[in-house]
2 protein chains.
Amino acid sequence: MSNLKAVAEHSKVSIATVSRVINNDPKVSRETVLKVQASIAALEYKPNRVAQRLRSSNSKTKLLGLIIPDIQNPFFVDVVRGVEDYAYQNNFAVMIGNFGQDEKKEKLYLDIFQSENIDGLIVAPIHGKDKGIENLVKKNIPVVCIDRGLTEIDVDVVKVDNELGAFNAIDHLLNMGHKRIAFISGNFKIPTYIERMSGYKKALEKHGVPFDESLVFARNTDYKSGFEIAQKILELEQRPTAIFSGNNLLTLGALEAIHAENIKIPEEISIIGFDDMPWSISLNPPLTAVRQPGFDMGRKAAEMLYERIANPGKKKENVILKTELMLRKSTTRIE
Amino acid sequence: MSNLKAVAEHSKVSIATVSRVINNDPKVSRETVLKVQASIAALEYKPNRVAQRLRSSNSKTKLLGLIIPDIQNPFFVDVVRGVEDYAYQNNFAVMIGNFGQDEKKEKLYLDIFQSENIDGLIVAPIHGKDKGIENLVKKNIPVVCIDRGLTEIDVDVVKVDNELGAFNAIDHLLNMGHKRIAFISGNFKIPTYIERMSGYKKALEKHGVPFDESLVFARNTDYKSGFEIAQKILELEQRPTAIFSGNNLLTLGALEAIHAENIKIPEEISIIGFDDMPWSISLNPPLTAVRQPGFDMGRKAAEMLYERIANPGKKKENVILKTELMLRKSTTRIE
DNA sequence: ATTTGTCATGTAAACGTTTACATTTATCAA
DNA sequence: TTGATAAATGTAAACGTTTACATGACAAAT
């Protein structure tokens, strides 16, 4: 790879001048600019971003870190796309780390990204008291949390009104006459699930239905957990008439379990999923789901990160987007 | 962030010695090692990977680039997971770029990754004559192609036997009596679709069914294309009895179109998709599909990249994995 | 006592940039 | 002519590492 020195020699100027041309410094004569640009083209010179980042943190070639809990979850894929969309338009590169709900792995990525001198980080914390992320914030490294916030410290957040989203889903089921509604949740260390649980409870309360702890199942947030928990639910002596499932993958896993038992949805059991998918309509049956605007969340987070980088002192922001209940065919009225 | 110098001062040795301790150089006394390690811990020192990469390319802190065509496609998500799995175990960081089948964006990521001094690249080329990737290979930057190869140049490749995969799918349909089989393909610039097309033709040939060009539709590889092409197919005067769809997203899009028209699968039309998904069983109806081992492909590619980095001169490898036809309920026999 | 060798450590150059500061040259006012 | 000012360019330090080479201390061999 050719470097500044090569270009400088080729156009018979100093490397400082070449650097100035690259950075559009006005203090260089038109003549020299043209000469240097010709050399740059001739040698196919590309600035070395590693050297740029080592030398100065406020260069124009920014590097963003993005840490997500589970890339298999289409919701987070949407988030990634949103972040990338904004980054691409603004000439950032994005480094992605997927920690698969593994706290150690999250910590590793935090360390790596930090020592890669990233200019900013977008992260969905594994829990609300994440010390690693708190540290970054304290060090004044620009951080935006997505999907989940931090409880101990003030930080930029983009999330969704999880409580209301869950409330509306459960309210809908209760309105249709359901009383025994199982909740397949993710781990309650994760803030989102605490909030969804709270919405679940509030809806029950509103309808005067007593809360039954034995209907709540919290494990991991993957396909397999959804499958296994649903199996258990279906075996219950007094089977619930409806299932509320906490995320995309849990829903898909639960569907597999239900289909494996040849149980009819919604005639024998209703189901609502948190997280919509483009192909929800093609599921058997078309799935009623709580839609989160993943792409928009990603884009917004990137935008906020950009602003935070430009203006580190600025007041922390807390953006809460709305969910939408997509009514389809996986729920029905019962007497 | 503390640096070598700070650690050196803290433990009253030179920075060279500290560096040696970090890199486990045996030529340093036990006593000093302990002293330095204590300082490292006290100051929470983390090596700066940017400086490491600038200084030497054969350090232990490697950075891999991964460029994929479409992160919305669950197949590529599996690939990402496979790559990451291997990378994580071997202490690499992975930088992901998603180019969304946009050639310009692919080029941009190629440039960025190169100027980030990546140690190696895993990429699914947008087409077989990708000059950008050819250049990297010529510059002796370790590259492994995944899902798709390069025609003009010898390079490491991990892919799947697309021709045979498609052949088996079409053969299955023909065996069930189908003769008019539509093919929803991606763009024929992409090598995979050329190969799948070839398998499609060979199967027709085997059964003596004449090839009908008007049944082949090639556009993009996204959900929307699948939806729109399927709409067209359903409007055909003499409607095909079966659809073979070229990838995950095309299949899901096509399903939506079919369901929107209230057409029964498989009674009124059969469908086989290239690419299986974990939740294929929960689709309406459970989808018959050609499974590709995405995770294994990613893992294998990372492994090959690792070997190529260690041994750049080694002979290029061409790994072709097998597909598997997953028989479910979306196809039926016709007379 | 001198030489040789080994081990531990230090010194300084290098990686490719950016940038504060210094230098050169030209322009113009007095 | 001199000095001041401005414009264009160059010089060199810095970012945080790694590493070839130099140095120094000490023990063993002569």
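Student: About how much area do chain B and chain A bury between them?

Tutor: This is a predicted model. The contact takes 47 residues from chain B and 47 residues from chain A. Carbon and sulfur atoms carry 61% of the buried area. The area that chain B and chain A bury between them is about 4,600 Å².

Student: Which three residues supply 14% of the area that chain B buries against chain A?

Tutor: The side of chain B that touches chain A holds 24 nonpolar, 10 polar and 13 charged residues. More of the area that chain B buries comes from one trio than from any other three residues, namely B:Val50, B:Tyr88 and B:Trp279.

Student: Which element gives the largest share of the side of chain B that touches chain A?

Tutor: Among the elements of chain B that each supply at least two residues to this side are α4 (49–55), α5 (74–89) and α6 (103–115). The largest share is eight residues, and it comes from α6(B).

Student: How many salt bridges are counted between chain B and chain A?

Tutor: In one salt bridge, the side chains of B:Glu116 and A:Arg49 meet at 2.7 Å, N to O. Between chain B and chain A, the count of salt bridges is six.

Methods
Residues numbered from 1 in each chain as written. Chains lettered and ligands numbered in written order. Predicted model: local features only at pLDDT ≥ 70, side-chain atom pairs only at ≥ 80, totals over all residues. Heavy atoms only, no water. Contact = heavy atoms within 4.5 Å. Buried area = accessible area lost by both parts, 1.4 Å probe. Salt bridge = Lys/Arg side-chain N within 4 Å of Asp/Glu carboxyl O. Helix = DSSP H or I, 4+ residues; strand = E, 2+ residues; numbered from the N terminus. Nonpolar A, V, L, I, M, F, W, Y, C, P; charged D, E, K, R; others polar.
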